[in-house]
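Dear colleague,

Please find below the structure I am handing over to you.

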Amino acid sequence: EHGIWLGKPIPDHHMEQTYSTSLDAEGRIVMGGYAYNENGLRGLAVVRITDRGESDTSFGLDDKGYIVLNGYGANVNHRYGPRAAVSKDHIAIAGCVSGPKENNSCFGVAVMDRGGKQIAKIEPDLFPGSNGTDQPWGIAFDSEGRLLVGGGSMSKGNRWRLAPPRYLIN
């Protein structure tokens, strides 16, 4: 009933969906996905659980084992869910977030330290020539610690274009 963990990972949200799972260097499970609030906003979320299936109480701003980026998400009806990536020093998540006009979707990217205590979010903006539908589909760290995000951007002519931004982390 509860999957591999004990209880609900994000108890104060209506529902959550996991779209990626990774292991960190200590063997803890890091999952990226959405947490729905009561208004249907899918906020980007990262959950870390121990290898025993319990919430990692050393992770997150309040040591609850999860981070929900409230207000940093989108009301979307597609199933391209957020993905998380783990490096030696950081955890990152990419997913659709509402853009500047609230009726479009942009790449949302957040990077946090390994404990989930310091979080930086990238301000959402559309790719040049986008019709308002930009969707990140993958995320990874390269060997130099740079964050790579790949996805698609729908042009004003309604054609998908590859959208591969790379972010430097200081």
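**Aromatic residues and a surface patch**

Trp160 has a relative accessible area of 42% and is therefore classed as partly exposed. Please note that the model is a predicted one. Trp160 belongs to strand β11, which covers residues 160-163. Together with Tyr80 and Trp137, Trp160 makes a nonpolar surface patch of about 330 Å². Trp137 is likewise partly exposed, because its relative accessible area is 37%.

There are 3 aromatic pairs in the structure. One of them joins Phe107 and Phe127 in an edge-to-face arrangement, with 5.0 Å from centre to centre and 75° between the planes. This pair links distant parts of the chain, 20 residues apart: Phe107 lies in strand β7 (residues 105-113), and Phe127 in the loop between β8 (119-121) and β9 (130-141). Phe107 is buried, at 4% relative accessibility, whereas Phe127 is partly exposed, at 22%.

The rings of Trp137 and Trp160 also pair; their planes stand at 55° and their centres are 5.6 Å apart, so this pair is tilted. Since Trp137 is in strand β9 and Trp160 in strand β11, the pair ties together parts that are 23 residues apart in sequence.

**Ser98**

Ser98 is located in strand β6, residues 90-98. With a relative accessible area of 17%, Ser98 counts as buried, because the limit for that class is under 20%. Beyond its neighbours within four places in sequence, Ser98 is in contact with Gly73, Ala74, Asn75, Asn104 and Pro124.

With kind regards

Notes
Residues numbered from 1 in each chain as written. Predicted model: local features only at pLDDT ≥ 70, side-chain atom pairs only at ≥ 80, totals over all residues. Heavy atoms only, no water. Patch = residues over 30% accessible without salt bridge, like charges linked within 9 Å, V, L, I, M, F, W, Y side chains within 5 Å. Areas by Shrake-Rupley, 256 points an atom, 1.4 Å probe, with all protein chains shown as cover. Salt bridge = Lys/Arg side-chain N within 4 Å of Asp/Glu carboxyl O. Helix = DSSP H or I, 4+ residues; strand = E, 2+ residues; numbered from the N terminus. Buried < 20%, exposed > 50% of the residue type's maximum accessible area, 1.4 Å probe, protein only. Contact = heavy atoms within 4.5 Å. Phe/Tyr/Trp six-rings, centres within 6.5 Å; stacked < 30°, edge-to-face > 60°.
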